[in-house]
Amino acid sequence: MSQRDVLTELRTARVEAPAPLRARVRLIAAQAPAPKRSRRRFALVLVPVVAAAVAAGVFFSTRTSSPQPIVLHGYAANSGSVRTLAPAPSAKRAQRYGASLQLQVRNVQKVVSEALRITASLSGFAASVHIDTSTQHGSATLTLRIPRTHVQTAVARLSRLGTVTGEQVDIQDAQAGLNTTDRLIARLERELKTAPKDQAALLTARIKALQRQRAATVRAVHFATVHLSVATPPHAVKKHHHYLRDALPWVGGAGAVLILLLALRGLAALREARLLSRF
């Protein structure tokens with residue numbers, strides 16, 4: 001007889017237990033507490049384990065999703081203070097000075113009012129102001145004209161109104177152009193002294209145009225242009241987590257082994273209950 005035939009005979013055979021053994025098993029079953037339904041017992045054992053696994057997954061997920069620190073471009077932070085890297089303008093040469101500053105703030109309108117107050121205190125003015133609070137994230141953009149000698153102070157004071165997220169400074173030398181214009185005006189004035197009347201009018205008109213051009217350049221470089229952008233920080237989007245699905249990867253090998261052992265234990269309890277039901 002082959003091994004397969006032996007297994008078939010064992011599966012189909014119904015072996016009757018001796019009468020003393022059946023009586024002993026019934027006595028033990030009568031003295032033991034009534035067993036609960038095997039499936040319910042298995043569920044009651046498995047649910048706390050799964051709940052613990054879910055809690056572990058949520059814990060680790062919360063720790064790993066903490067926001068990363070923001071690196072400020074153009075600024076050095078030290079103990080909550082912000083030090084601007086905006087260079088000082090030249091005291092001897094005419095310069096076109098421009099600066100851009102981005103801030104994250106809690107109250108846009110309050111910061112805009114304070115920025116205008118700082119600008120006025122430094123003898124400056126606002127060339128344009130745009131405030132948008134129609135959306136969930138308020139924002140504002142300001143173009144400020146501040147005397148070039150006060151621009152470094154202005155940028156430092158404005159940076160304290162919120163969390164600095166960016167800065168840009170552009171400086172262009174205008175002194176060379178002014179020197180060229182001065183030399184040209186001086187040469188035309190010398191020619192005007194000996195020029196005939198028909199050319200004198202043309203030379204005079206050109207000299208006046210150059211003088212107006214020079215005056216406009218001097219006025220332009222007297223003020224620095226500061227572009228200020230403020231906005232509220234973006235609100236965190238609430239994610240609907242599938243806790244069991246998200247937590248299982250965090251359970252790891254030990255948790256998987258534990259759940260497998262509990263499942264085997266539940267299956268063994270179920271087989272025990274079926275065996276006792278035969279007597």
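## Starting at the β4 end of the sheet

Let's start with β4 and β5: these two strands run antiparallel and are joined by seven bridges. One place to look is Ile131, whose bridge partner in β5 is Ala140. Keep in mind that you're looking at a predicted model.

## β3 and its two partners

Strands in a sheet pair through backbone hydrogen bonds, and they can do so parallel or antiparallel. Here, β3 does both. With β7, β3 runs parallel, and seven bridges join the pair. With strand β6 (residues 163–173), β3 pairs in the antiparallel sense over ten bridges.

For the β6 pairing, go to Tyr97, which is bridged to Ile171.

## What packs inside

Now for the largest nonpolar core, which has 25 residues. Which of them touch the most other members? Leu103, Leu142, Leu158, Val226, Leu228 and Val230 do. The elements giving two or more residues to this core are β3 (95–104), α4 (108–121), β5 (139–147), α5 (151–159) and β7 (223–231). Of these, α4 gives the most, with five residues.

Setting aside neighbours within four places in sequence, Leu158 is in contact with Leu101, Leu103, Ala115, Ile118, Leu144, Val226 and Leu228. Apart from this core lies another one, of five residues, including Ile185, Leu188, Ile207 and Leu210.

## A look at Gln175

Last stop: Gln175, which is found in helix α6 (residues 175–194). Is Gln175 buried or exposed? Its relative accessible area is 16%, and buried means under 20%, so Gln175 counts as buried.

And what does Gln175 touch? Not counting residues up to four places away in sequence, Gln175 touches Lys92, Arg93 and Ala94.

Note on methods: Residues numbered from 1 in each chain as written. Predicted model: local features only at pLDDT ≥ 70, side-chain atom pairs only at ≥ 80, totals over all residues. Heavy atoms only, no water. Helix = DSSP H or I, 4+ residues; strand = E, 2+ residues; numbered from the N terminus. Buried < 20%, exposed > 50% of the residue type's maximum accessible area, 1.4 Å probe, protein only. Contact = heavy atoms within 4.5 Å. Core = buried A, V, L, I, M, F, W, Y, C linked by side-chain atoms within 4.5 Å. Pairing = 2+ DSSP bridges.
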